Amino acid sequence: MVTNEKHSSYRLLMLITTPKLAEKAMKLFQRGGLPMQYRIEVIGTASSEIMDMLGLGSIDKVLLLSMMPKPFADKLLGKLKSELKLGAVNSGIAVTVPMTGANN
């Protein structure tokens with residue numbers, strides 16, 4: 001199936017991870033040719049139970065944000081999971097949300 005990316009829905013990818021894994025993720029983003037990405041150093045106030053549940057162990061975290069067509073976002077989530085081992089303890093979490101207002 002061929003997807004027309006010009007009319008494809010866009011997604012905002014949000015990745016919260018350690019500074020070390022954020023560097024690896026940024027390289028993955030660059031290899032994929034993402035034209036825009038933001039890196040924000042963050043410190044959260046979530047309880048340790050929530051941090052453990054999300055696999056975010058330590059306090060030092062990086063938030064990476066990037067917008068991309070949905071088909072690319074789906075592929076990138078798979079690569080992030082396999083190459084960064086997202087889902088493992090203290091690795092981080094990645095989600096995408098629709099950018100429906102940006103489609104038109």
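**Labels and cut-offs**

Modeller: Lys70 has a relative accessible area of 32%, so Lys70 is called partly exposed. This is a predicted model, in which local features need pLDDT of at least 70 and side-chain atom pairs count only at pLDDT 80 or more, while totals for chains, interfaces and linings use all residues. Residues are numbered from 1 along each chain as its sequence is written, and side-chain values use heavy atoms, leaving out hydrogens and water.

Colleague: Why is Lys70 called partly exposed?

Modeller: Buried means under 20% relative accessible area, exposed means over 50%, and partly exposed is in between (1.4 Å probe, protein chains only). The value for Lys70 is 32%, so the label is partly exposed. Asp74, at 41%, is therefore partly exposed too.

Colleague: What makes Lys70 and Asp74 a salt bridge?

Modeller: A salt bridge needs a side-chain nitrogen of Lys or Arg within 4 Å of a carboxyl oxygen of Asp or Glu. The closest N and O atoms of Lys70 and Asp74 are 2.9 Å apart. Both residues are in helix α3 (residues 70-84), and because they are four residues apart, about one helical turn separates them. Helices (H or I, at least four residues) and strands (E, at least two) are DSSP runs, numbered from the N terminus.

Colleague: Which residues are linked in a network of salt bridges?

Modeller: Glu23, Arg39 and Glu41. Arg39 and Glu23 have their closest N and O atoms 2.6 Å apart. That pair links distant parts of the chain, with Arg39 in strand β2 and Glu23 in helix α1, 16 residues apart. Arg39 also meets Glu41, at 3.0 Å from N to O. The whole structure has four salt bridges.

Colleague: Is Glu41 buried or exposed?

Modeller: Its relative accessibility is 53%, so Glu41 counts as exposed. Arg39, at 30%, is therefore partly exposed, and so is Glu23, at 39%.

Colleague: What makes Met36, Tyr38 and Ile40 a patch?

Modeller: Patches are made of residues with over 30% relative accessible area and no salt bridge; like charges are joined within 9 Å, and nonpolar side chains (Val, Leu, Ile, Met, Phe, Trp, Tyr) within 5 Å. Accessible areas come from the Shrake-Rupley method with a 1.4 Å probe, and for residues only the protein chains shown count as cover. Met36, Tyr38 and Ile40 form a nonpolar patch with about 270 Å² of accessible area together. Tyr38 has 48% relative accessibility, so Tyr38 counts as partly exposed.
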